[in-house]
Amino acid sequence: MFPRHQIYLDNAATTAMDPAFAQEMSRIATEAYGNASSRHDLGLEAEQIMRKARQQVADAVGAEPEEVAFTSGATEALALALLGIAARESKPGHVLISAIEHPAVQESAQLLRDRGHIVEEVPVCMEDARLDLETLTSMVRQETFLLALMHVNNELGAIQPVTRAARIVKRAAPRCVVLCDVVQSLGLLPVDMGQLGADIIAASAHKLHGPKGVGCLVIRGRAPAALYGGGGQERGLRPGTENVPGIAAFGMACLKGKGDPETLRRWTRALGASLEDRLGAKMLCDGPKRAPHIIAVQIPGVRAEVAVNALAREGIYVSSGSACHGRHSLKSTVLAALGLEGADDVIRISLGRFNNEDEVSHASSAMPRLLEEVRRKRKGP
Amino acid sequence: MIYLDYNATTPIASEVVDAMLPFLRGHFANPSSSYALADEPREAVVHARQQVAALIGASAEEVVFTSGGTESNNQALRGAARARRQQDGRKRLITSAVEHPAVMEVCRALSAEGFDWVVLPVDAEGRVHPAFLRRVIDEDTALVSVMHANNEVGTIQPIAEFAAIAHEAGAWMHTDAAQSVGKISTDVSDLGVDLLSIASHKIYGPKGVGALYMRRGLELPNFMLGAGQENGRRAGTENVLGIVGLGAACAHVGCELEAHGVQLQALRDSLHERLKDALGPEVRLNGPMEGRLPTTLSVGFAGVRAHALLAALEGEVMASAGAACKSGNEGISTVLKAMGVPESWALGTLRLSVGEGTTEEDVALAAEQIVAAFHGARS
């Protein structure tokens, strides 16, 4: 997939497109270019392609195809869910989000605050970055109408107790909508709406070796109010001429997934352990409740930004925090939630379907060596 | 089969595919990543932004990428309405009666939030007259939004005149240019607009991407919130592939725009002539002879239903009865209704739209097939 000298270990930021998807997208864009709303042959063909993709996405999450609404990505899906569910409320109410949600959730939640809702953040446990269920129990109110809890955190890989959290909030607030961001887990962990107890899930194609610019919401029960007005596509929930090639690739991506969880877990652990052994680094949240493809490692004495650049110069790509923060140097609220406020020595290594044993073994020996050099240089001769 | 539905969507141009291929096959990094692997996608977005800006005579930083024309229109209307209400309490929104649903539906929602939405009528050719606007605009007007060219009948609106009137009253001017960009000259300084919407898939680019021109200095509240991409104006990991495609599409349609317009107009007029020659007074043009998109021919057929015609044309000609997004429901198009087209003609109206792939042979054959379908449907 990559030239020998490039080892891409930043699959939580985005993934390389599967060549089979690229080929199919290219075919659809050139041959099946009809507007899916048109009633002629090309339009019907486009609609047919969409129908298949919708079924594939629905199958991947244990839903019905008519519960799937395609969007331009997870950011839009999350904004639509948060703002749209809140818009259905007749008066300002109570919203809970976890303290480690993606900025797309945090920012929309801020807008809800501006609109008069009370939005509170539920903390996570310091040792494993999983939602503190006891505190959740004490925070939920009868009038809580929304809980946003991601399935897998994008910076640490911590798998969240979604099923249990959903049960807790539903018991206290039966009409509360549970929104689950499955961007990192889809295609890797079992994602079943019923089992998760989620009413709405949001997903993205580009974290699954699919294209950027495509995502979806899957909605069980009451639909959010639409964010846009327009030509009525996606049952009015998300109007706009459909991105048929991208949607087709998203469907295919749901089938192919992100790779074998056991292998990915072994690899992330090997990579993390190599840094622990030689640099006295520490894997964060490494346990059975860590998603197999993400490992965050704290390396004392090596600033993450410096580490990322040093490794990139040698063709090894990891990140400091999430990509969305990469160029804006926002403070990671996720690390803060772990009690690592202001920590600037945590890198994230994340794997995907196109990584292989060779890359992992090469990176396991190269990374500690390169970072040791960084640390030595910093300390001076 | 002959495709005469270019106003609904266009095939992707081969130059656009060529530009996109490297990004389909590689260059996949997230533009927000800090390492050099992300340089290529990041620079590609910069380049595409320049290409879009060049087509409409804007500066690159005035272009925001979106997921398409619908999002651009929604962001422009909702953003401008909220911004002006906050800034100076203005609450009036003025649109024409023939706007795309992506404008109409937003205004409907905004009027439920307390905005005062005024709809300007159009004349029998689908034109909005500046005098109509002068009559209703006031110091309370936040935004005037009139589409540059109509998607169903092709009527081109005098946007520059509307912009002057809007600015005189201190209002902002938006135009939905989804149908005009790449077909006629669409220059933001000539038009004098503050906001302008572009859809990629109408100009031989990919679906799922668009752009919004925001005049420098304009600040709108954003409703796609998240990690701060697009300078904080539109969050979400950039659709690099689509953005590259939109940029290439803008470069593609911008090249020899006028010459292409002349060619397309000749094809369209040939189609019209052939229909008139065969059917005489039984075919009737919707929209003006002059001041119409070179691609668009909306014609009514006497005594038949458009859906019967389209059914008879199945496997031969692909066209539509109105806008694509409404293809499903049979009813009179709101555009034709606003123009006062008699119901019998409106129900028998086809929108035939030509584009880059259309040839003289296509229009000759399509005309024959349409005429045959007409006679079949009538008998």
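Select Cys250(B) to begin: at 1% relative accessibility, this cysteine counts as buried (buried means under 20% relative accessible area, exposed over 50%, and partly exposed in between, with a 1.4 Å probe and protein chains only). The model on screen is a predicted one, in which local features need pLDDT of at least 70 and side-chain atom pairs count only at pLDDT 80 or more, while totals for chains, interfaces and linings use all residues. Residues are numbered from 1 along each chain as its sequence is written, chains are lettered from A and ligands numbered from 1 in the order in which they are written, and side-chain values use heavy atoms, with hydrogens and water left out.

**Cysteines**

Stay on Cys250(B) and display its sulfur together with that of Cys255(B), which holds the closest cysteine sulfur; the separation is 13 Å, too far for a bond. Next select Cys254(A), which is buried with a relative accessible area of 10%, and whose sulfur lies 6.7 Å from the closest cysteine sulfur, that of Cys216(A), again too far for a bond. A search of the whole structure finds zero disulfides over all chains, a disulfide being a pair of cysteine sulfur atoms within 2.5 Å.

**Helices α1 and α8 of chain A**

Now select residues 19–31 and 244–256 of chain A, which are helices α1 and α8; their axes come within 8 Å and cross at roughly 155 degrees. That crossing angle makes α1(A) roughly antiparallel to α8(A), and the crossing is right-handed. Helices (H or I, at least four residues) and strands (E, at least two) are DSSP runs numbered from the N terminus. Axes are lines fitted to C-alpha atoms, for helices over the stretch in contact, and angles run from 0 to 180 degrees between N-to-C directions; angles under 35 degrees count as roughly parallel, over 145 as roughly antiparallel, 65 to 115 as roughly perpendicular and the rest as oblique. A crossing is right-handed if the near helix is turned clockwise from the far one by less than a right angle, and left-handed if anticlockwise.

Show side chains where the two helices meet: the α1(A) residues include Phe21(A), Met25(A) and Ile28(A), and those of α8(A) include Val244(A), Met252(A) and Lys256(A), contact meaning heavy atoms within 4.5 Å. By class, the residues of this contact divide into 11 nonpolar, one polar and two charged (Ala, Val, Leu, Ile, Met, Phe, Trp, Tyr, Cys and Pro count as nonpolar, Asp, Glu, Lys and Arg as charged, and the others, Gly among them, as polar).

**Helices α1 and α8 of chain B**

Move to chain B and select residues 14–25 (α1) and 240–254 (α8), whose axes come within 8 Å and cross at roughly 155 degrees. The pair α1(B) and α8(B) is therefore roughly antiparallel, with a right-handed crossing. Among the residues that meet are Val16(B), Met20(B) and Phe23(B) from α1(B), and Leu241(B), Ala248(B) and His252(B) from α8(B); the contact has 10 nonpolar, two polar and one charged residues.

**Loop residues**

Select Ala129(A), in the loop between β4 (118–122) and α5 (133–139) of chain A: although not a glycine, Ala129(A) has a positive phi of about 60 degrees, and at 0% relative accessibility it counts as buried. Cys285(A), in the loop between β9 (282–284) and β10 (294–298) of chain A, likewise has a positive phi, near 55 degrees, and is buried with a relative accessible area of 13%.

Finish at Ile156(B), in the loop between β5 (141–145) and α6 (159–168) of chain B, a residue that is partly exposed at 21% relative accessible area. Leaving aside neighbours within four places in sequence, its contacts include Arg127(B), His148(B), Ile184(B) and Leu293(B).
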